[in-house]
Amino acid sequence: MCGIVGYIGTEQAAPILLDGLEKLEYRGYDSAGLAVYDGQEIQVMKSVGRLQVLHELSHGGEKLPGTLGIGHTRWATHGSPNNENAHPHFNKDKSIVVVHNGIIENYMKLRKLLLARGYEFVSETDTEVIAHLLDYYYKGDPLEAVLKVMQRVEGSYAFGILFREHPDELYAVRKDSPLIVGKCGHGNIIASDVSAVLKYTRDVYFIQNEEVAKLTKDEIHFYNIDCEELEKESTRIEWDVNAAEKGGYAHFMFKEIHEQPKAVRDTISPRIRDGKIVIEELGMSEEELAAVRKIYIVACGSAYHVGVAGKYVIEGMARIPVEVDLASEFRYRRPILDENTLVIIISQSGETADSLAALREAKRHSGVTVLGIVNVVGSSIAREADHVMYTWAGPEIAVATTKAYSTQLVALYLLAMRFAGVRGTIGEEEMADLIRDLQKLPDQIEMVLANKERLQRFANRYAAAKSVFFIGRGIDYAISLEGSLKLKEISYIHSEAYAAGELKHGTISLIEEGTLVAAIMTQEELYKKTLSNVVEVKSRGAFVMAVTNLGHTDCEKTADYVIYIPKTNPYFTDSLAVIPLQIFAYYVALAKGCDVDKPRNLAKSVTVE
C-alpha cells in the first residue's frame, strides 16, 4: 500500500513524480506530498485527499522547480490523514527528507530515544522517526547514516531519501516493502511499482531486502547492509504500457473484468503441449511430485478464496490432503510441516506482507517445498520461493481483483491436473476431457460477459440493499466467498458468504422480507440440496438471485432472478460463476456512486501486517 516515486536527472522532477504517483493511485492512499530540491533548499508540498489536489496546488509541478525529488501517496496507519502526517517527513531544518512505505515496529522506542536527545516531533507517524534518526547519525556521509538507521530499525520499509548537502544523490532503501529502480535516458527513477516508471524506462532493477541504492543522474550503485557494493542485472519489462491504461473503459475494474478471457488463455496455453499438462517452472521431477503427501495453500483476501476452491479441486482430482490457511494466521499458529509437504503461497503482487512472512515460516522447516503463484515477475515471493508459477494476468490496477483471481484459479486447476496425472488418479480419457474443458474456459467467459447489460438492470434495483447473503455448497461455497467480498469491498454493502448447509445453525435468523440472497448452484450433485435452502430463505421473504448451469430451468420456479453459465466440468465452474458476481458488484457500486477502482480504506498491495 502507499506509493513512492523518486527522480534524479536533467528533467524537471515534480511533473515526473506526479505522473508516477498517478500510476500508483490504485495502491490506495488518503494524502500525498512532494519534496524537490530547487538548487538551494528542499521544498515540500503536501495535501489531503486525491492526488488531483496536489496537482492543482503545485500547478502540475511548476511551483516546485528542480531536477531531484521524491513523492509519496500515503494510506494512514499511524495518525489520521492530515498535512502534518502526510509524507514527505523531514528533520528540523529540512536538510534531510524521507518518504516511507511500511511499518516501523519499534518506532515508539526510537521516538523516546530521540525526544531525550532534544528532537521535536510534529506528526503522529512512525516515519518522522526515520528523518530524525538519519539526522542523528548523519556526519557528512549519507550512505553511512542510512546503514546505521537500517541497523536500528525493526519492521518493514521502503525509503526514498534526499540530503540537502548532497544535491546530486538520491537514496532508496528496502526491507519487506517493494521498491524498484529504473534507468532512464535523462536520469534515474525509483518507484514502488513498475507501472510508475514504464513511461520512462522498461529496464528496472529489483532492490532486495536490506539493500541500498544510491542514484545520481548518470549512475546507480547498490550496497548491502555491510556497505559492500553489489552487482545487479536489470530486468526487461515486456508488457505493453497501454495495458496499464483504461483503454476506453470507464474504470480499470471493468476493463480488467473484460480482460479475463485473454488472461486465462495466456495462463493456460503455455502449459498445455501435445495434449499434456506441462509446468516446467515447477522444477520438480515426477518422483518429487508423487512424493508430496500434503499441501498447504496460504494466501490473503481473494487469493485465499482461490485456495478454498483449490482445496476441492486438488483433493478431488489428485487425492492429496489440502489445508487452506489465511497467511495472517498461518505465520502465528506454529504450523506442523512435515517432510514431503508442499506449501503454495498465492499473491497477485508477490509482495503481500503476511503471505511473504508465511513463506519464510514454511522455509524454516526442512523437507518442505514452497511454490509461489504470483503475477508480478521478480517480486519478493517469486524470488524467495523454491519454485514460482506465474499467472500471466498482466498489470491489474483496480484494487478489487478480478483477472488475477481468475488466473490464479486456472493455475491451481493446472497444478491439480499435473498432480493427478503423475499419481494416476485420473485416467487418460478423463484427463483429455478435462484439458478440452479447460481450453474452452476463455470462450465461455466471453459468453458470460455478453450478458452484462441484463445484470446491470438487476444491479440497479439493489443499490440500496442493506445486507446481502451468498450461499453455496462445495466449490459453490468458495465462489460465494469471492462474490461476497467483491460486493462489500467496492459497494460498502454489508455482505456475508455462508456454506448453505449452515443456514439453520444461526444465519437464517437474519433473513427477512426483501433480503437479497445470492444462491450459487453449479455443482450437479449438490444442486437439489442447495435448491432446498433457496426454498427455506424464500419462505422467510428473501429475494433470490441464483447462478446455475444451463439447463436448470426448474430453478426459475423458486428463484426470482436466474443467471445461467455454460456447462463445464464441475471442478471449473468457479471460473464461470464468479464473472456475473464481479459484474453485479461493479454495477451496484456504480449505481451507488462509489469510487469503483479505489474503494475507501483499501489498498491494492497490502505490504504491512
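**Burial, packing and backbone terms**

Colleague: Why does Gly 593 count as exposed?

Modeller: Gly 593 has 63% relative accessibility and therefore counts as exposed; the term requires over 50% relative accessible area, whereas buried means under 20% and partly exposed lies in between (1.4 Å probe, protein chains only). The model is a predicted one, in which local features need pLDDT of at least 70 and side-chain atom pairs count only at pLDDT 80 or more, while totals for chains, interfaces and linings use all residues. Residues are numbered from 1 along each chain as its sequence is written, and side-chain values use heavy atoms, with hydrogens and water left out.

Colleague: What makes Gly 424 exposed?

Modeller: The relative accessible area of Gly 424 is 55%, so the residue is exposed. Gly 424 sits in the loop between H13 and H14, and its C-alpha is separated by 9.8 Å from that of Met 317, 107 residues away along the chain.

Colleague: Which class of accessibility do Asp 176 and Cys 227 fall into?

Modeller: Asp 176, with a relative accessible area of 14%, is buried, whereas Cys 227, at 41%, counts as partly exposed. Neither is a glycine, yet Asp 176 has a positive phi of about 60° and Cys 227 one of about 70°. Asp 176 lies in the loop between strand S8 (170–175) and strand S9 (180–184); Cys 227 is in the loop between strand S13 (220–224) and strand S14 (229–230).

Colleague: Why is H4 described as oblique to H5?

Modeller: The axes of helix H4 (residues 127–137) and helix H5 (residues 142–152) come within 9 Å and cross at roughly 125°. That value makes H4 oblique to H5, because angles under 35 degrees count as roughly parallel, over 145 as roughly antiparallel, 65 to 115 as roughly perpendicular and the rest as oblique. Axes are lines fitted to C-alpha atoms, for helices over the stretch in contact, and angles run from 0 to 180 degrees between N-to-C directions.

Colleague: Which residues of H4 and H5 make the contact?

Modeller: H4 contributes Ile 130, Leu 133, Leu 134 and Tyr 137, and H5 contributes Ala 145, Val 146, Lys 148, Val 149 and Arg 152; contact means heavy atoms within 4.5 Å.

Colleague: How do you know that H9 and H16 are roughly antiparallel?

Modeller: Helix H9 (residues 301–318) and helix H16 (residues 475–491) pack at an angle of about 170°, with their axes 8 Å apart. H9 and H16 are therefore roughly antiparallel to each other. Among the residues that meet are His 305 and Tyr 312 in H9 and Leu 481 and Glu 482 in H16.

Colleague: What puts the buried residues on the same side of H7?

Modeller: In helix H7 (residues 260–268), the buried residues are Gln 260, Pro 261, Ala 263, Val 264, Thr 267 and Ile 268. They cover an arc of only 165° around the axis and so lie on the same side of H7; the arc is that of the directions from the helix axis to the C-beta atoms. Their packing partners include helix H6 (252–258) and helix H18 (573–592).

Notes
Helices (H or I, at least four residues) and strands (E, at least two) are DSSP runs, numbered from the N terminus.
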